[in-house]
Amino acid sequence: MQRYFINEALALQDEFTLSKADSHHLLKVMRAQIGEKIEVVGSDQRVWLSQLLDNAAPASLKAVQEITKSVELPVEVTIACGISKGDKNEQIIKRGTEMGASHFQFFTARYSVARWNEKKIDRKLQRFEEIAKAAAEQSHRQMIPTVEIISFADLVNSPVQHRMVAYEESAKEGEFANFKRVLSNTASGDALLAVFGPEGGLAPEEIKSFNDANFTLAGLGPRILRAESAPMYVLSAISYQFELQ
């Protein structure tokens, strides 16, 4: 069943309209008919089965039944990545949203090959937010993850309770316990920040900054993961730890 997000809270029997873009998608792309039902998520993350009242734009609907099942990860996960080249950043947002991440942060690392033009950052963020929204609808999330550009200094000083850095040198040295320890110390309702380098990894001085700020340096197993694969590994492990046991 199709799912959309709106910027207002709903109650039973409330009538409301979708945005211009979502109305076009529902009426012209999905060809929804009067009386057809879809799922709509309000600004308070409550989900409502909603019935289409007419087929004129903007699409008008009525909330007819609340859907109470939650699909969100019990842990609020922030994925922070060094800027990568090509469409890897978009893939991280798309797949990470499907896996349950709550926030995405991108920072310029020393070894980042890609460099973003400041004049185009707003347009890039808009594109990223559109990707997150589409992925949230497809995966039936109850929230659209946030996406932001962050400075390295702000990342290091993040106040998130549990903070870790995926560090391949730890894995090369045979360290496989730190990530498991982070998950064991994390409880439902907590927040966790996981940092990943770009294609070239993180520079020694960046690792030192994280270490000095008491981030946990954690290996992710014996294999070397791509920049766009490592966040999915972490999100999968978090899902297993909190949702499949």
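Tutor: The model is a predicted one. The chain is divided into domain 1, residues 1-64, and domain 2, residues 74-242. Of the 245 residues, 47% count as buried. Among contacts in the chain with a separation of 6 or more, 74% are accounted for by residues 24 or more positions apart.

Let us begin with the sheet that includes β1. Five strands form this open sheet, in the order β1-β3-β4-β5-β2, and their pairing is mixed. Its edge strands are β1 (3-5) and β2 (15-17), each of which pairs on one side only. From one strand to the next, the twist averages 45 degrees. As a general point, strands of a sheet pair through backbone hydrogen bonds, in either a parallel or an antiparallel sense.

Two details of the backbone in the loops deserve attention here. In general, most residues other than glycine have a negative phi, and most peptide bonds are trans. Gln45, found in the loop between β3 and β4, has a positive phi of about 70 degrees although it is not a glycine. With a relative accessible area of 34%, Gln45 is partly exposed, because that value falls between the 20% and 50% limits. The second detail concerns the loop between β4 and β5 (60-67), where Pro58 lies. The peptide bond from Ala57 to Pro58 is cis, with omega near -5 degrees.

The C-alpha centres of domain 1 and domain 2 lie 33 Å apart, and the contact takes nine residues from domain 1 and eight residues from domain 2. About 770 Å² is buried between domain 1 and domain 2, and carbon and sulfur atoms give 52% of this area. On the side of domain 1, Arg3, Phe5 and Gln45 supply 73% of the area buried against domain 2, more than any other three residues.

All five of the five residues in β7, residues 103-107, are buried. In a regular strand, side chains alternate between the two faces of the sheet. In β7, His103, Gln105 and Phe107 are on one side, Phe104 and Phe106 are on the other, and all of them are buried. Strand β6, residues 76-82, runs parallel to β7 and is joined to it by five bridges. In this pairing, Gly82 stands opposite Phe107.

Three further residues complete the account. His140 lies in the loop between α3 (121-138) and β8 (146-149). Like Gln45, His140 has a positive phi although it is not a glycine, in this case of about 60 degrees. His140 is partly exposed, with a relative accessible area of 23%. His162, by contrast, lies in strand β9, residues 162-166. His162 counts as buried because its relative accessibility is 12%, under the limit of 20%. Leaving aside its neighbours within four places in sequence, His162 is in contact with Asn185, Thr186, Asp190, Ala191, Leu192 and Leu193.

Finally, Asn178 is placed in helix α6, residues 178-184, and its relative accessibility of 18% makes it buried as well. Apart from neighbours within four places in sequence, Asn178 is in contact with Thr216, Leu217 and Ala218. A polar atom of the Asn178 side chain lies 2.8 Å from the backbone oxygen of Leu217.

Note on methods. Residues are numbered from 1 along each chain as its sequence is written. This is a predicted model: local features need pLDDT of at least 70, side-chain atom pairs count only at pLDDT 80 or more; totals for chains, interfaces and linings use all residues. Side-chain values use heavy atoms; hydrogens and water are left out. Two strands pair if DSSP finds at least two bridges between them. Helices (H or I, at least four residues) and strands (E, at least two) are DSSP runs, numbered from the N terminus. Axes are lines fitted to C-alpha atoms, for helices over the stretch in contact, and angles run from 0 to 180 degrees between N-to-C directions. Buried means under 20% relative accessible area, exposed over 50%, partly exposed in between (1.4 Å probe, protein chains only). A polar contact is a pair of N or O atoms within 3.5 Å; within protein, one must be able to donate a hydrogen and the other to accept it, and residues adjacent in sequence count only if both atoms are side-chain atoms. Contact means heavy atoms within 4.5 Å. Domain bounds come from an automatic or database domain assignment. Buried area is the accessible area (1.4 Å probe) that two parts lose on being put together, summed over both.
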